[in-house]
Amino acid sequence: DSLDEEGKILLDPNGLSEDGTTALRAYEISHDAKYLAYGVSSSGSDWLTIRVMCVDEKSVEPDELSWVKFSFISWTHDTKGFFYCQFPAPKGSENMDPGTEVNINHHHQLNYHFLGTKQSEDILCWNDLEDPTHILEARLADDGKYLLMNICKGAARLNKFYCCDLSMLPNGLEGHKGKGNLPFVKVIDNFEAYYEAIANDDTIFTFLTNKDAPRNKLVRVDLKKLSTWIEIIHESKVDVIESVLPINRYQMIVSYLSDCKHVLQIRDFESGDLLHKLPIDLGSIDYVSARRQDSVFFVKLSSFISPGVVYQYDLNTRVPNRKVLREIVVPGFNQAEYHTNQVFVHSKDGTRVPVFIVAKKDLILDGSHPCLLYGYGGYGVNLTPSFNTTRVVLAQHLGVVFCVANIRGGGEYGEEWHEAGSLANKQNCFDDFISIGEYLISKGYTSPSKLCIEGGSNGGILIGACINQRPDLFGCALAHAGVMDMLRYHKFTIGHAWVPEFGCSEKEDDFHYLIKYSPLHNVKRPWEDSSIRATQYPSTMLLTADHDDRVVPLHTLKLLAAMQHELCTSVKNTPQINPIIARISSKSGHGCGTSTQKMIDESVDCYSFMAQAMGASWMD
């Protein structure tokens, strides 16, 4: 009832299953706060089942919606129901364990569900017949009048934008059943850029976009005059506009990314003029929570060595007032003993690539320290300073130096930085990562035998490619759920959505660059290659999960088989004595919805393996 109270538990996901493998993945409170719609997944699968709870009574309603994936939940303001997206149920779904199938996911559709009815009675609002690979994102605007929908070209930062004035439906949503797609206005009807609707005042919409602005800009248009667009905040010459949220009716919170660190500002909503710069002590913004009608908002900040502080800001004062609402404290951890340093490393082609290095302040640079280097480099994803319990444990108790590389393919410097590490430019990601590894060794942070590299999903490609190309540079490799078969990835579940990022082997030009780095197709015996200074691969652990229906386990299993055959079983008296193993987690998926115990078990296995690979003299 108040921010000063502890609060009461509404829904505890820990009680949804005995083994903790049923997870809360999505939720939305109705506009009048009477109902909670929530989506749960089992065993880490991306498939969700949506249920509804009555808030006052904490009772679960009979509504149950299945085969939901990649979906928002968005209530209409009358609380009659909500919008959601789903795929058609896979063939044979009656006897299927969701998450273990590899069926391709096509025909994402938007539905509306009326409370108290069966899912079979839901109203179809949009089914994209033009291209079955398109992914939909839909939500109701804050005014409750417009339904907003992005039609996305896979995982690319490109989308169409449509909106539907629900007040213009002659018989409401009830009267639309069986009539096909809703009458959306096609505001943006091409895939030339990314558009995110920030707010609207009736027909006047404000968007964050990268149209002719790789570091993003804020624009405004009236649906009645779609030919006239106005720039509100121009693209920065250096920094990236990461997010914009309306606040206090006529203001907005703007978050910039500057050299992988956040800058927070308050600007005038109408003009875009700067009003206030808000201090950020710690490094990264984990989230901003705000509503346009409120003058109070919340920001959670964290860093590599600080688990986080939630600040409450009040804009009713001349200078925004800030106070600590919550602070997370880790007993026994003294962040004053550690130092975070950001350095810039020249990659193979001379590009300056940032990397964060976290170590104890009294570290002697003699090359003796175990080092964990993490990277991702894809989809325009930003890696900013964030707290990770496992890394802190490794640093505090085992003296590990841990590093996060902001290689190309990410979005740290905008869309140009992303494009420089995607499609035919993917090799830049590996070159950047390898150059950072060489830098850490040359400066005395570590040595090749004590340098461990780690990445997951797209970052798993990074690890697989780097150990193929430079097995001499690393002592250990941990690849989590990597996309290892770059020639066939698009044939399974949602893999087709990644084609804008990687390309497709069915196109000749794409095939030629994919075959050059695909981890599965580039395993080789380093002792037979005079250009490589290694006699074997580093100790390698490939990780997957039996319910990973995003990057299906076959990627890891095929690479494991290829490595073990090529390096071990097919060679008499093989020089490959470093272990090459897989860890397959049961009742787990692509990382989301993994129980706490399973996360602990995986961390123990990974970093015990790393310790053994490096020669555990440094580990008690």
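Before you start clicking, two notes. This is a predicted model, in which local features need pLDDT of at least 70 and side-chain atom pairs count only at pLDDT 80 or more, while totals for chains, interfaces and linings use all residues. Residues are numbered from 1 along each chain as its sequence is written, and side-chain values use heavy atoms, with hydrogens and water left out.

**Stop 1: two cysteines**

Select C152 and C85. The cysteine sulfur closest to that of C152 belongs to C85, but at 9.6 Å it is too far for a bond. C152 has 8% relative accessibility and counts as buried; buried means under 20% relative accessible area, exposed over 50% and partly exposed in between, with a 1.4 Å probe and protein chains only.

Now move to C163. Its sulfur has its closest cysteine partner in C164, 7.8 Å away, again too far for a bond. C163 is buried too, with a relative accessible area of 1%.

**Stop 2: aromatic pairs**

Colour the rings next: there are 27 aromatic pairs in the structure. Rings of Phe, Tyr and Trp (its six-membered ring) pair if their centres lie within 6.5 Å; planes under 30 degrees apart count as stacked, over 60 as edge-to-face and the rest as tilted.

Select W126 and Y162. This pair is edge-to-face, with 5.5 Å from centre to centre and 80° between the planes. W126 is in strand β8 (residues 123–127) and Y162 in strand β11 (residues 159–165), so the pair links distant parts of the chain, 36 residues apart. Strands (E, at least two residues) and helices (H or I, at least four) are DSSP runs, numbered from the N terminus. Both W126 and Y162 are buried.

Then select F333 and F387, another edge-to-face pair, with centres 6.3 Å apart and planes at 65°. F333 lies in the loop between β24 (321–327) and β25 (338–346), and F387 in the loop between β27 (371–374) and α1 (389–398), so the pair ties together parts that are 54 residues apart in sequence. F333 and F387 are both buried.

For a group view, show Y146, F161, Y195, F205, F207 and W229, which ring pairs link into a cluster.

**Stop 3: charges over rings**

Select R322 and Y311. The charged end of R322 sits over the ring of Y311, 3.9 Å from its centre. For this, NZ of Lys or CZ of Arg must be within 6 Å of the ring centre and within 35 degrees of the ring normal. The charged end of R391 likewise sits over the ring of Y374, at 5.0 Å from its centre.

**Stop 4: helix α1**

Which residues of α1 are buried? They are R391, V392, L394 and A395. Look down the axis of α1: its buried residues fall within an arc of 160°, so they line one face of the helix. The arc is that of the directions from the helix axis to the C-beta atoms.

The face turned away from the buried side carries the exposed residues T389 and H397. What covers the buried residues includes β25, β26 (352–360), β27, β28 (401–405) and α8 (596–613).

At its start, a side-chain oxygen of N388 reaches to within 3.0 Å of the backbone nitrogen of T390. After α1 comes G399, with a positive phi near 70°.

**Stop 5: two buried asparagines**

Select N210, in the loop between β14 (204–209) and β15 (217–222). N210 counts as buried at 10% relative accessibility. Its side chain reaches the backbone nitrogen of Y194 at 2.8 Å. Leaving aside neighbours within four places in sequence, N210 is in contact (heavy atoms within 4.5 Å) with R157, A193, Y194, N216 and E415.

Now jump to N111 in strand β7 (residues 109–114), which counts as buried at 4% relative accessibility. Not counting residues up to four places away in sequence, N111 touches several residues, including F82, Y84 and D122.

**Last stop: positive phi**

Most residues other than glycine have a negative phi, and most peptide bonds are trans. Select S43, in the loop between β2 (35–42) and β3 (48–54): its phi is positive, near 60°. Finish at N248, in the loop between β17 (240–247) and β18 (251–258), where phi is positive at about 55°.

Methods
Polar contact = N/O pair within 3.5 Å; in protein donor to acceptor, adjacent residues only side chain to side chain. Disulfide = S-S within 2.5 Å.
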